[in-house]
Amino acid sequence: MKNILMFLVAVLMSCHIIAQNTVTGTVIDGSDNTPIIGASVMVKGTTLGITSDINGQFSLKVPAGKNTLVISSVGYKTQEVNISGKRVIKVTLATDTKQLEEVVVVGYGVQKKKLVTGATLQIKGSDITKLNTTGALDALQSQSPGLNIVQSSAQPGSGYKVNIRGLGTKNSYSPLYVIDGAAGGDINALNPADIESIDVLKDAASCAIYGARAANGVILVTTKQGKSGKISVSYDGYYGWQNVYKLPTLLNAKQYMEVMDQVCFNQGNDVTYDWKSYMPASRYEAYMNGTNSGTNWLEAMRNKNAPITNHAINITGGNDMSKFSLGVSYTNQEGIFGKPVQSTFERTTVRLNSDHVIYKTNDRDIITFGETLNYVYKTNGGIATGTMYWNDVRNCMQAYPITPEYDDSGNYYMWTDMVADGLSSYNTLATNPNADMYYNRGHNISKNHSLNMTAYLKISPIKGLTLKSQFGYRMNAYDYRQYVPAYQMNQNTADNYTDVVSQSAGMGWSYTLDNTINYVLNVNKHNFDIMAGQSFEKSGMGEDLSASGKNLLFEGWDYAWLYNLSGNPSSASSSPWSAGALASFFGRINYNYNETYMCSLIMRTDGSSNFARGKRWGYFPSVSAGWVVTNESFMQTTKDWLNFFKLRGSWGQNGNCNISNFQYLSTIGMDGSAYYRFGTTMLGSYTKGSYPNILPNPDITWEKSEQLDLGFDARLFNSRLGITFDWYKKTTKGWLVDAPILETAGTNAPYINGGNVENKGIEIGLNWNDKVGKDFTYGVNLNLAFNKNNVTSINNANGYIDGPSNTLMQGTESCYRVQTGHPMGFFYGYKTAGIFQNRAEIEAWKAAGKPFLQSSPQPGDVKFVDVTGNGTLDADDKTQIGNPNPRCVLGFSFNIGYKGFDLNVTTYGNFGQDIMHYYRDQDRRCNYTTEVYDYWHGEGTSNKYPRLTAANNVNWNKISDIYVDKGDFLKISNITIGYDFKKLWKASPLSQMRLYASAQNLYTFTSYKGMDPEVGSDGYGDTYGWARGIDIGTYPHARTFIVGVNLKF
Amino acid sequence: MKNILFTLFAAIAFLFCSCEDALDTKSYTQANTSNYPQKLSDAQQLIAGVYNNLNVVNSNPGGSWYMYAALASDDVLGGGGDTDYLFQSEDLLCNYSSNMTNQFWKDRWAGINRANNAIATIGNCIGFKDDDQKNQMIGEAYFLRAYYYYELASMYGKMPLILNTVTGASDVPQASADSIWGSIIQDCVTAIKMMPSKKASVQGLDDGHVDKYGAEALLGRAYLFYTGFYKDANPINEKKTDVTLLDGTALTYAEVCTYIDDCVTNSGYSLAPQFQDIWGYSNRLSKNDDANYYMKNLMANVPSASFAYCEDDNGINPEAMFKIKFNSMFTWSTETIIGYSNEYCLFFGMRDSGGQTWSNLFPFGQGWGAGPVAKNLWSDWKSYEANYLGGVTDPRREASICDVTKEISRVKEKDFIQETDYFNKKNAPYACNVNGKRYNTFESYMYGGTDGTTWVGAGWNDTQLGNLHDLILIRYAEVLLMQSELEGSVDGINKLRTRASQSSATPLPQLATYSFDALKQERRFELAFEGVRFNDIRRWGIAATALDKQLDTDVYIDGSTNTNKAQNGGYSTRYNATKGFAKIPESQISLSKLLKQNDGYGSGSDYNGWTK
């Protein structure tokens, strides 16, 4: 490092100096009185100048007659100093945050914020890191109107569902992520501390520059860039404790036995349970007299005070020739569930960004190059979350409280214990769910390496003209290892005599090459910024390999390697990744007149390998315009309170090409689903088979999204109040959808361009920042987004596409669908009109000619509504019974600063959405939550939940609105209080010594009775991305308390 | 500088030109119709792909024809747990949910698409050893298409008739029963005429390939059902019905008899020595087990017979003409299918919803309890012995049905609808004990050894995936009975009685003169639970009466003593409304502008749980 600095200083010293009066001086940062390195010191009206050294000092010979120096540095307000008669000066530069704010990233370039004509949103890295989340998206939730961010599962390391301005399509609804100019990266892999800013392009006009893949919006991530100036080192670290926010109350052993007896009674069975025969007398006694309340499985699997830690070091520095930014971080998080094999997440990142000037003249950098490099290593291991068949949280909610977790000798209570106690004759689900989790899912680790890098070369041959070529490379490699020990859980389970090891690994890469040419031309007050470019991307070059086998020579997780198998692997497979390519040409003209009238024209064309020749190319135009009204002379009168007002409007088209390849070909499958075993060898011998596996669709092409956006930006009252408003209408046409076809076709349906959806909404952003007196600052932020989603067409005969059956519980029909005239993923089922309270109500219902779904209705049964009014109840009476999409998303935060103290409160809310929840299957005598006591048990006891019955009852096994609850919530997602000890210890070599404490997910205001109203799950393992709000027992968000420090040298 | 600019523009221009090439991609895991099939091995793969559909349907056996035919018949009830509405609905000829049997409908159509594709393209391949090899292969495709249509037509009545890969992509109206059955029978005839007159094994083909004689057997089955059910052909008086094939040509009664005679005489298939040798409980691992009450008792009573399971150690059953073969290929990955193991075993296996320990059921393994045997079958069988066999006990009764109270120590399940004291032995999973260790399926030990190390693939010792023995779909015994029925001869019946006598201390009497009544009884008992009874009672016109005999028989509902009460109006009401056809999946009706729903599926057809 020292050598580099010496060299840089030497370079600086070698500048031409014309001997005149010598002025020496020091440039100092006004905020912390530290020297500013690399500040430019120019003699006004000349090309003479120098930059400050590592001590912020400079020495400059000033020609006679020149009395003014201009001192500037990126991030500071430029200052002019009169030096007449002075030999030594001290210059204090004030930081200029506003100036930084005003540049936003718009794709293949930046633009002054006040000139932007589209609907974009910028979130600064500091606003993300201050919330101390492990991933950036979590922090965006409350700060980005128009972005809907939910998690399907809050298990550490789980992904997010993100959509911008409502779900616009059925299959691929995620926005395009562009990290440091390279499309397609993984934002979850970044440590928030590495992020400089995130820019969200929401309207079609802004997105159009990414044409082919921009239909769902674009999120541009810029990692921390080098800054010229002194070398700055910062360390941010925290440690936290996570706990369950809310657990449903499960029945204890005694309550469970009572409720099961009640079920028998209500069913009219003459069988009752002989509980004493299922357990030793002493245990039964203890359950009954309350000395033992049985096993609360949710408590048993809890990982109390699950730790979360994060350390991040960032170093930036450089001068006007070379700048760098280096970041190293480590994150480690345990999950709140899954003990003793709790979920884990560990991430290490290394980032190095730098920019270098190769050749410069006095006023311009002619040739520059730079690179960004991001390496991430992640490991995680977890428990089952997904469908109801693969869900440890649900397993624990369903398991019997009468089953002990451990036997008398402290081992897991297993099959032999069940047989000995007689519990086995109650039901095999008496299976110990924690043992099941421990053995079957407790030993696994997945490791992931990813490398993202870009390198660019920029040439500016003449003033205003820039040629830039950027190469981006992404590599991803993973491996997974799992071990299942031998065990005997119940008499049916497989592989109970031998242990099993599975391993898989894969590696792949992709690259992008972008070339752009940019010309900036200012003629009088006419300002042009013209860009044209070309891009080529190739992705999905890679392969997977997997194998598994059983019977290890050395037993145990440590030895679980295929190498240690006593024989050969019992299965092995490998396959290539699906390769694809995208070629693009694009251009943009930004024009403004006197920064008052702006317009922008964008055109992009893309060719995708996912489509056949002739259907490949798509053209995506856009136009937008803006008018800064406050620049007009007639607005002078309002200038004292209305500081800035810009009207904007935009229209554009974007595309989506995200489908699997070869949909246009009539392909022949030769995979494992077509084998047949001829011959007399039972094991392993087979003839490979083949079959036509798709009806080809040679016409398949782009999905198009069109959007109109009108809005304004305003700053009022001395710029203390900022307002942003947008109205939009987004229409997605020709969805890429695998719509159901008639099964008589005998093979798979191809993707077709077959559906339209409309999203309409408004977004409001309000912020107020002010200072009271000398020391007290405060700010308030409010974001509101309203969206209405409506499917306007599905291009198949029945006009709908159903979700899967067996989602909410075993034996139920599909509970959500996409259908013309309804929002995406709306809940679908029977409407109910309450509960029959008594015989008279049943008779009255019958007398009114209303039908029943029950064959012999009784008091306590559900009144299913004959929606069609035709006197019969059948599938036609099923209708919309809920909407999982929030009508309104709110983010509200405020912050206070006083003499080194700071307080920040962030809240986040969703309103108008419904949740469908149920935590158990109807059969197998699963345990209940205490909600069971709210079920109808006599006249007037409940008008929503029917009487308690066993599985074979229509009250419970028809999907109806009894499962639908209001999902509105407001979460206090973050409260942070901090103090900067620099204020106490001014002489410290550190420029910042902030200590803080923070509470995340502190409190939720909601009427929802389930665990967590923030339900992103489709109840089906995220197979149906367009569906959400299905709570079958999801991994809930933790409540976390954190203490941390921010140190800056 | 100029050079740089020039280079850049040249590069852009070059990229533009080469874009189309750069955007072309190639699949490394799939062929496509432009380059496939071309050679013999391609043709063999295509055929394997058609057979594979047998496994595919077996992956979800619950709503398949084989399951439906069993449960809907008068011999078994529905069974299953409180929420297994599917089994109960099939027994009751009712419906539940909008798409009760959609999986089967979908999967069988996939089989037909594969067969259509094979029929259309195999002829283009080169490299066949001789024409026989090629014709045998195409004949197999015709046979399988006929078989798949046979199942669909039996289950749904009228469906679209799709005989090539092009028409299938569009909405096709339902064809008439005459066209559908004309096509099924014509496919059989085509297969018979194309294929060499040699048993598959004689041709050197691996076990599992069907041959000309299999096609003759299927022809007999289809002919009997079509003429019986649709033409009301009474086999005594008007059995000499000719049928019109799809292409308009006629197939005469005499020709059908010739085909069946050919099959009986020339096929090379023969009966297994003992009736018990066909079923897995006689496997070498469990037949001598002290806990195998039935086999121990049998061997003590008939010491002269030496029982040996035909399929012991990869053996081949001499009377299996068409069967589904299984393997341990299943893996928990997306590409393979669960139906590579015998899932019918699991479904028909004795229900264990948690109440049974292993020893309670031995030598049978655990299952889900579909199709408890109706008590009327047991009692009818006994009266048959009294009235037709001169009081001699038919050994096939206990060889086919497990008398729970006598043979095993089962306790009643608390989650089981329509449980009876009788279980189907033919389709059960069979367990074994070796050296004090219990194996959930006998195959686990027979092929996988003590710890499963030699078992390639998944499913070792797994009750759900470890059943690998064949499921026989057409047995030579059935052909013998077809011959008797078609020609009014006693030969077939007597051959089966002779075989049954091998495992009986007292021989069964021979039938002196043919009687239709005796034939009907013989078919019911010899072929019980083998998927033919339901179509038999339908074609003989006795379905409504026969089905009602299940009413009010003794059952256990959730472990309590009860009787099999009428649901949704009762068996005969439902049969008369539906003629035994299942509901066409509603999703298909709503997706099509042409498909019409079957009769009997209006209001009152939805089963909403057992009413005591």
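## Charges, strands and a patch

Guide: Let's start with one residue: Asp186(A) is partly exposed, with a relative accessible area of 38%. Buried means under 20% relative accessible area, exposed means over 50%, and partly exposed is in between (1.4 Å probe, protein chains only). Keep in mind that this is a predicted model: local features need pLDDT of at least 70, side-chain atom pairs count only at pLDDT 80 or more, and totals for chains, interfaces and linings use all residues. As for bookkeeping, residues are numbered from 1 along each chain as its sequence is written, chains are lettered from A and ligands numbered from 1 in the order in which they are written, and side-chain values use heavy atoms, leaving out hydrogens and water.

Visitor: With which residue does Asp186(A) form a salt bridge?

Guide: A salt bridge is a side-chain nitrogen of Lys or Arg within 4 Å of a carboxyl oxygen of Asp or Glu. Here Asp186(A) pairs with Lys378(A), and their closest N and O atoms are 3.9 Å apart. Asp186(A) sits in the loop between strands E14 (182-183) and E15 (195-201) of chain A, while Lys378(A) belongs to strand E21 (residues 365-381) of chain A, so the pair ties together parts that are 192 residues apart in sequence. Those element names are DSSP runs, numbered from the N terminus: helices (H or I) have at least four residues and strands (E) at least two. Lys378(A), at a relative accessible area of 15%, is buried.

Visitor: How many salt bridges does a search of the whole structure find?

Guide: Over all chains, the search finds 83 salt bridges. In one of them, Arg441(A) meets Asp436(A) with closest N and O atoms 3.1 Å apart, and both Arg441(A) and Asp436(A) are buried. Over in chain B, the side chains of Arg410(B) and Glu419(B) come together at 2.9 Å, N to O. Arg410(B) is buried at 8% relative accessible area, and Glu419(B) is buried at 0%. Salt bridges can also link up: a network in chain B includes Glu319(B), Asp394(B), Arg396(B) and Lys426(B).

Visitor: Which side chains does the polar contact of 2.6 Å join?

Guide: A polar contact is a pair of N or O atoms within 3.5 Å; within protein, one must be able to donate a hydrogen and the other to accept it, and residues adjacent in sequence count only if both atoms are side-chain atoms. The 2.6 Å case joins the side chains of Lys583(B) and Glu586(B). Lys583(B) lies in the loop between helix H22 (571-578) and helix H23 (586-591) of chain B, and at 11% relative accessibility it counts as buried.

Visitor: On to strands. Which residues of strand E2 of chain A are on the covered face, and which on the uncovered one?

Guide: In a regular strand the side chains alternate between the two faces of the sheet. For strand E2 (residues 40-43) of chain A, Val41(A) and Val43(A) are on the covered face, with Ser40(A) and Met42(A) on the uncovered one.

Visitor: What does E2(A) pair with over four bridges?

Guide: Two strands pair if DSSP finds at least two bridges between them. The four-bridge partner is strand E5 (residues 68-72) of chain A, antiparallel to E2(A), and there Ser40(A) stands opposite Ser72(A). E2(A) also runs antiparallel to strand E3 (residues 49-51) of chain A, joined by three bridges, with Thr51(A) as the bridge partner of Ser40(A) in E3(A). E2(A) and E3(A) form a hairpin with five residues between them, and Gly45(A) in the turn has a positive phi of about 80°.

Visitor: What is the order of the open sheet of three strands?

Guide: The order is E32(A)-E31(A)-E1(B), with antiparallel pairing. Strand E32 (691-692) of chain A and strand E1 (31-32) of chain B are at the edges with a single partner strand each, so one side of each has no neighbour in the sheet. E31(A), residues 667-669, pairs with E32(A) over two bridges, and Gly669(A) has Tyr691(A) as its bridge partner.

Visitor: Which residues make the nonpolar surface patch?

Guide: Patches use residues with over 30% relative accessible area and no salt bridge, joining like charges within 9 Å and nonpolar side chains (Val, Leu, Ile, Met, Phe, Trp, Tyr) within 5 Å. Tyr239(A), Trp241(A), Phe1041(A) and Val1043(A) make a patch of about 360 Å². Strand E17 (229-244) and strand E52 (1038-1048) of chain A each give two or more residues to it. Phe1041(A), in strand E52 of chain A, counts as partly exposed at 41% relative accessibility. The areas come from the Shrake-Rupley method with a 1.4 Å probe; for residues, only the protein chains shown count as cover.
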